[in-house]
Amino acid sequence: MPIIMIIYYVITAYIVGMLIWNFVKEKKNIDDMILYLVILVPLVLRLLRVK
């Protein structure tokens, strides 16, 4: 796997981690929690290499 692909997956994993952290931290606003999940779905699929 080329180095660019590795860097790409590391950055994606970092963003997924930050979104999960914000999702867990968010307790008041349900709309924000839904937005975090909507953003999280394509990133997780990309990490799992599902097209």
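Accessible areas were computed by the Shrake-Rupley method with a 1.4 Å probe, and for residues only the protein chains shown count as cover. On this basis the protein has an accessible surface of about 4,300 Å², 75% of it belonging to carbon and sulfur atoms. The structure is a predicted model, in which local features need pLDDT of at least 70 and side-chain atom pairs count only at pLDDT 80 or more, while totals for chains, interfaces and linings use all residues. Residues are numbered from 1 along each chain as its sequence is written, and side-chain values use heavy atoms, with hydrogens and water left out.

The protein contains 2 helices and 0 strands (DSSP runs numbered from the N terminus; helices are H or I of at least four residues, strands E of at least two). Its C-alpha atoms occupy a box of roughly 40 × 20 × 10 Å along the principal axes. Of the 51 residues, 16% are buried (under 20% relative accessible area, 1.4 Å probe, protein chains only).

Helix α2 comprises the 18 residues 30-47; at 1.5 Å a residue it should span 26 Å, which agrees with the 26 Å between its end C-alpha atoms (the expected span is 1.5 Å times one less than the number of residues). At the start of α2, a side-chain oxygen of asparagine 29 lies within 3.2 Å of the backbone nitrogen of aspartate 31. Met33, Leu40 and Leu43 are buried in α2, and the buried residues of this helix pack against α1 (3-25) (contact means heavy atoms within 4.5 Å). Arginine 49, which follows α2, has a positive phi near 60 degrees.

Methods: Buried means under 20% relative accessible area, exposed over 50%, partly exposed in between (1.4 Å probe, protein chains only). A polar contact is a pair of N or O atoms within 3.5 Å; within protein, one must be able to donate a hydrogen and the other to accept it, and residues adjacent in sequence count only if both atoms are side-chain atoms.
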